[in-house]
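Please read the points below with the model open. They begin with one residue and its surroundings, then turn to the chain.

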Amino acid sequence: WGVDLNRVYLLGFSNGGFFAVHAAMLLRDHIAAFAAMGSGLVTCDNTRSCSFGASGRNCSAIRSEAPSSCTSCNGIEKPTTIPSSGRLVPGFLAHNNNDDVVSVYYTCTLAARMQELGYDTEVFIGDEWGHGYPSGSIPGIWNFFSTRALP
């Protein structure tokens, strides 16, 4: 089929974004990079535990706006524990700041965890309402993917 096995990528939105994170972490020696949109890393009981409309366009601003219902969550990492050793899969994370289904806070939580562990991470926060692809994120994802391959 002519597939370049050094350039296999995952892209997912919403529940598919959570799956992309999970699969990339489990198959990190086979996935060149992943993109997760409208998802993230949840440490609350469930995705509805943290809900608020943010106005920030970066994770620092969003974390400063987050209510205690988000910042006090300290459960297990869902959809999966982010590995701290082995190959660290590059990730592009995108979210709308006013997502009414899955909080943008979860994308910022994933970004912070990945950056803390040394992952190559890029974050795109759209200034839009609703649970959808942030405008302008698709070209950013392609640019991210096109410069990353398995070693």
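1. Glu-77 touches Leu-41, Val-42, Thr-43, Ile-82 and Arg-113, leaving aside residues up to four places away in sequence; contact means heavy atoms within 4.5 Å. This is a predicted model, in which local features need pLDDT of at least 70, side-chain atom pairs count only at pLDDT 80 or more, and totals for chains, interfaces and linings use all residues. Residues are numbered from 1 along each chain as its sequence is written, and side-chain values use heavy atoms, with hydrogens and water left out.

2. Is Glu-77 buried or exposed? Glu-77 is buried, its relative accessible area being 17% (buried means under 20% relative accessible area, exposed over 50%, partly exposed in between; 1.4 Å probe, protein chains only). Glu-77 sits in the loop between α3 (68–71) and β3 (91–98).

3. Along the sequence the pattern is β-α-β-α-α-β-α-β-α, with helices (H or I, at least four residues) and strands (E, at least two) taken as DSSP runs numbered from the N terminus. Buried residues account for 49% of the 151 residues in the chain.
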